[in-house]
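Dear colleague,

Please find below the structure that I am handing over to you. My findings follow it.

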Amino acid sequence: MSDTTEPGSYFVANYPPFSQWHAAAVPTVLAALATEATGEPLGLYLHVPFCRKRCKFCYFRVYTDTSATDVERYSQALSREAEMASACRAVAGRTLRYVYFGGGTPSFLSVKQLERLVAGLHKSFGWDHAEEVTFECEPGTLAESKVRALKSLGMTRISLGVENFDDNILETNGRAHLSAEIFRAWEWIKSADFLSTNVDLIAGMMGETFSSWQRTVEKTLAMEADSVTIYQMELPLNTTFVRDSRDTGDPTAVADWPTKRGWVDWAFARFLESGYSISSAYTLVRNSEQVHFRYRDMLWQGSDLVSLGVASFGHISGLHYQNETHWDDYLGAVEAGRLPIQRGYASSHRELLIREMVLGLKRGELDVARLARKFGIDPLLEWAPQWQALLLEGHLQQIHPWPLLTRQGLLQIDALLPRFYTSAHSQVESVP
Ligand code: SF4
């Protein structure tokens with residue numbers, strides 16, 4: 001991988017890569033949904049694809065300029081899809097362990113729209129017994145009444161997309177909010193007293209310097225969030241930044257990878273000094289005894305995930321799937337009474353092990369005993385040359401009794417993981 005931030009996607013969100021998923025697997029996914037479940041925990045993900053404005057680094061399926069009619073139609077489709085999914089044999093009667101409202105911007109919805117959406121979903125899925133219900137928010141979409149409504153609708157974990165505190169940087173990168181909206185929203189979130197709060201940052205946004213990054217980190221520290229998630233800026237091919245750069249011929253001026261790693265390293269050190277601990281390659285937590293990430297941990301350990309909404313990604317009985325990626329196709333399928341699954345992937349036993357291993361490594365250490373018990377294969381023996389190479393490169397502190405990453409290894413984990421892939425999957429990913 002080159003030091004400069006070249007256009008492309010390096011973040012490993014899943015395995016096998018999305019580029020390997022295909023329409024021919026859809027009947028297999030539907031058959032799995034119609035069959036008894038495997039005994040893994042069950043979660044629910046809902047994709048809310050609306051945003052006030054498209055960030056210039058965004059590669060998700062999002063819609064701006066949306067009318068209230070569009071929101072209502074989409075919300076009804078989510079409820080209808082929930083009804084169909086919850087009636088499947090692999091899902092029916094099971095208790096949800098976690099729920100995640102992601103996007104897009106779930107907080108784009110008004111209180112009335114949220115209440116109608118949740119009421120519609122509850123006809124099919126209750127989450128009274130879920131251990132975590134996460135809701136992603138964009139600061140400028142919040143109001144005190146909306147934050148209170150989120151609490152009473154059962155959200156337990158609020159994740160606030162701050163990204164940066166510098167107004168020039170926020171504007172340059174096309175964010176819809178400015179710093180004043182962050183402070184205002186944070187007051188409301190704190191006083192609503194959610195079980196857990198998270199702040200998202202991005203290191204290396206366009207226009208970032210080390211001193212602006214330091215100011216962002218210090219302001220985030222002052223917020224005393226239960227957890228802080230720091231991503232390193234990358235430039236997927238379908239972003240406005242990359243398209244603009246192609247049109248103008250100007251390079252995209254994002255800091256190179258060693259610089260971004262240095263900035264995240266500095267941030268990690270500041271958070272550690274202030275009592276936080278490292279929970280993964282991207283996340284720090286203020287109290288590791290109390291703060292948990294059910295969504296992340298269960299998903300990374302192979303849980304089932306029923307996924308609702310346009311372009312959303314699910315996982316059932318070891319099979320991956322993705323919903324229709326375009327508005328009309330998604331709504332057309334759901335309104336016609338069909339599950340809107342567009343493509344999938346039936347992983348082999350070995351691929352399931354690789355998936356849990358590469359996702360697990362993002363935690364900074366690997367529970368090889370759990371993987372050996374679950375899959376009957378010892379990862380240390382199976383990938384001995386890869387572990388040895390990582391150790392020699394300074395990315396591992398130890399291999400035995402379990403692999404433990406160094407800080408430098410952790411800071412570039414996504415670049416290290418493809419070496420564990422089967423050769424068919426080793427190319428750089430282009431996220432759809
Ligand atoms: S808020 Fe998130 S989902 Fe919406 S445009 Fe920005 S990056 Fe994309």
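**Findings from the predicted model**

Of the 432 residues in the protein, 47% are buried. Please bear in mind that this is a predicted model.

Overall fold. The protein contains 17 helices and 14 strands. Its radius of gyration is 21 Å, which agrees with the value near 22 Å that a compact globule of 432 residues would have. Along the principal axes, the C-alpha atoms fill a box of roughly 55 × 55 × 50 Å. Among contacts with a separation of 6 or more, 76% are between residues 24 or more positions apart.

Domains. The domain assignment divides the protein into domain 1 (18–298) and domain 2 (349–427). Taken over C-alpha atoms, their centres are separated by 26 Å. Seven residues from domain 1 and nine residues from domain 2 take part in the contact. On the side of domain 1 that touches domain 2, helix H9 (residues 257–273) gives the most, with three residues. That side of domain 1 has three nonpolar, two polar and two charged residues.

Around the ligand are Cys51, Arg54, Cys55, Cys58, Phe60 and Val62, together with Gly103, Gly104, Thr105, Glu138 and Gly161. By class, this shell divides into five nonpolar, four polar and two charged residues.

With kind regards

Technical notes. Residues are numbered from 1 along each chain as its sequence is written. This is a predicted model: local features need pLDDT of at least 70, side-chain atom pairs count only at pLDDT 80 or more; totals for chains, interfaces and linings use all residues. Helices (H or I, at least four residues) and strands (E, at least two) are DSSP runs, numbered from the N terminus. The radius of gyration is taken over C-alpha atoms; the globule rule is 2.2 Å times the number of residues to the power 0.38. A residue is buried if 20 or more other C-beta atoms lie within 10 Å of its own, exposed if 12 or fewer, and partly exposed in between; C-beta atoms are placed from the backbone. Two residues are in contact if their C-beta atoms, placed from the backbone, lie within 7 Å. A residue is near a molecule or strand if its C-beta atom, placed from the backbone, lies within 6 Å of it. Ala, Val, Leu, Ile, Met, Phe, Trp, Tyr, Cys and Pro count as nonpolar, Asp, Glu, Lys and Arg as charged, and the others, Gly among them, as polar. Domain bounds come from an automatic or database domain assignment.
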